Amino acid sequence: MHEVLPRTFALAGVELLDFEQRCAAGRASLQHHHAVLSHDTAGSRLEVWRRDRRRVINVLSSTKWRPGSAPWVRYHSTDELSDEEILVVDQLEQTNVVRTCLDLGTTLTRWQLAHVLYEAEFRYALDLDELHARNDARPRQHGKAVVRAAIADRRAGSAGTRSATEDRLLRLIIAAGLPIPIVCNPCATPLVEHECDFVWTKLRVIVEVDGTTGHRRAGRREGDAARDESYCAIGWTTVRITSDTIWEAPEHAVALVAAALAGAKR
């Protein structure tokens, strides 16, 4: 038996526990206090947040007492958590869809959260009006503005950022002081059958993030080229930036975006 957290034991060390076992251990470490899984962990178990955040287990409780520190568990305190906000998934209590979305407003960007809302609408018929009302009814709290902005983005049609690479490019664009684009919204261009990654409507500029696998296939390349030509025919500029460029040469990625925006202003 190994102590993987204070008051929590397992037959193996923490490095051998899978995600669900670490979820159980993290929640059990607050065994004398009502605790539920929350934030990224709840979102992952609900399959509305699929990013690689499973290394850290998030636990929410009304107590401010902590059983000790561990690099793979993060404790959150709350002043209120109603029974209606708790859901049992695979025998473990966690926050429900609405509460998870509200909590993720404290850890995600508005564009990341917009994608969570997109997934929650599809999987659980999330009611954005209900979420908006619940968010406004909360006392002043960190993350409230992020939730409000994400709801506005979803209502406008945005599906939010869908990958760490898109997140990185968007951060680079904002840090460079460039205009903030519309993100993953098929209504942002005249060709509504297409959903482009980043769009500057007034400048008629599109930036697409090309991954290292799918976009290199011959059929995909041909489809991308035909799509770019269709936008060119109606006076739009499309810039394609590979994920390798975004991660390995960020200055060049920003320069490509800046050049396209500057050329459109002329």
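1. The protein chain has 10 helices and 11 strands, where helices (H or I, at least four residues) and strands (E, at least two) are DSSP runs numbered from the N terminus. This is a predicted model, in which local features need pLDDT of at least 70, side-chain atom pairs count only at pLDDT 80 or more, and totals for chains, interfaces and linings use all residues. Residues are numbered from 1 along each chain as its sequence is written, and side-chain values use heavy atoms, with hydrogens and water left out.

2. Overall dimensions and burial. Taken along the principal axes, the C-alpha atoms of the protein chain fill a box of roughly 65 × 40 × 30 Å. Of its 266 residues, 49% count as buried; buried means under 20% relative accessible area, exposed over 50%, and partly exposed in between (1.4 Å probe, protein chains only). The chain exposes about 13500 Å², and carbon and sulfur atoms supply 52% of that area. Accessible areas come from the Shrake-Rupley method with a 1.4 Å probe; for residues, only the protein chains shown count as cover.

3. Contacts along the sequence. Among the contacts in the protein chain with a separation of 6 or more, 59% are between residues 24 or more positions apart. Contact means heavy atoms within 4.5 Å.

4. The largest nonpolar core. This core has 22 residues, and Leu169, Phe198, Trp200, Val207, Ile241, Ile246 and Val257 touch the most other members. Two or more residues each come from α7, β9 (198-200), β10 (205-210), β11 (237-242) and α10 (250-265). The largest share, five residues, is from α10. A second, separate core of 20 residues includes Cys101, Leu113, Ala114 and Leu117. A nonpolar core is defined as a set of buried Ala, Val, Leu, Ile, Met, Phe, Trp, Tyr and Cys residues joined through side-chain atoms within 4.5 Å. In soluble globular proteins, nonpolar side chains tend to be buried together.

5. Ile241 in detail. Leaving aside neighbours within four places in sequence, Ile241 is in contact with Leu169, Val207, Glu208, Val209, Asp210, Ile246, Ala253, Leu256 and Val257. Of these partners, Leu169, Val207, Ile246 and Val257 are also named among the core members that touch the most others.

6. Thr165. This residue is in helix α7 (residues 164-175). Thr165 counts as buried because its relative accessibility is 13%. Not counting residues up to four places away in sequence, Thr165 touches Val209, Ser243, Ile246 and Trp247.

7. Helix α2 (residues 39-46). Eight of its eight residues are buried, so the helix is largely enclosed by the rest of the structure. The buried residues are His39, Asp40, Thr41, Ala42, Gly43, Ser44, Arg45 and Leu46. His39 counts as buried because its relative accessibility is 4%, and it has a positive phi of about 50° although it is not a glycine. Just after α2, Glu47 takes a positive phi of about 65°. These backbone angles can be inspected in the model.

8. Arg204 has a positive phi of about 60° although it is not a glycine, and is partly exposed at a relative accessible area of 42%. Thr201 is partly exposed too, at 36%. Not counting residues up to four places away in sequence, Thr201 touches Ile182, Ala188 and Trp236. Thr201 and Pro190 are 11 residues apart in sequence and 9.4 Å apart in space, C-alpha to C-alpha.

9. The largest pocket. Its volume is about 420 Å³, and it is lined by 20 residues, of which Thr78, Arg99, Asp103, Arg138 and Gln141 lie nearest its centre. At least two lining residues each come from β5 (73-77) and α3 (97-104); α3 gives the most, with three. By class, the lining has four nonpolar, eight polar and eight charged residues. Ala, Val, Leu, Ile, Met, Phe, Trp, Tyr, Cys and Pro count as nonpolar, Asp, Glu, Lys and Arg as charged, and the others, Gly among them, as polar. A pocket is an open set of points, on a 1 Å grid over the protein atoms alone, where a 1.4 Å probe fits, with protein on both sides within 12 Å along at least five of seven lines; lining residues have an atom within 4 Å of a point. The volume is the space filled by probe spheres set on the points, which are joined across faces, edges and corners.

10. Arg221. This residue is in helix α8 (residues 218-232) and is partly exposed, with a relative accessible area of 48%. Arg221 and Thr95 are 126 residues apart in sequence and 42 Å apart in space, C-alpha to C-alpha.
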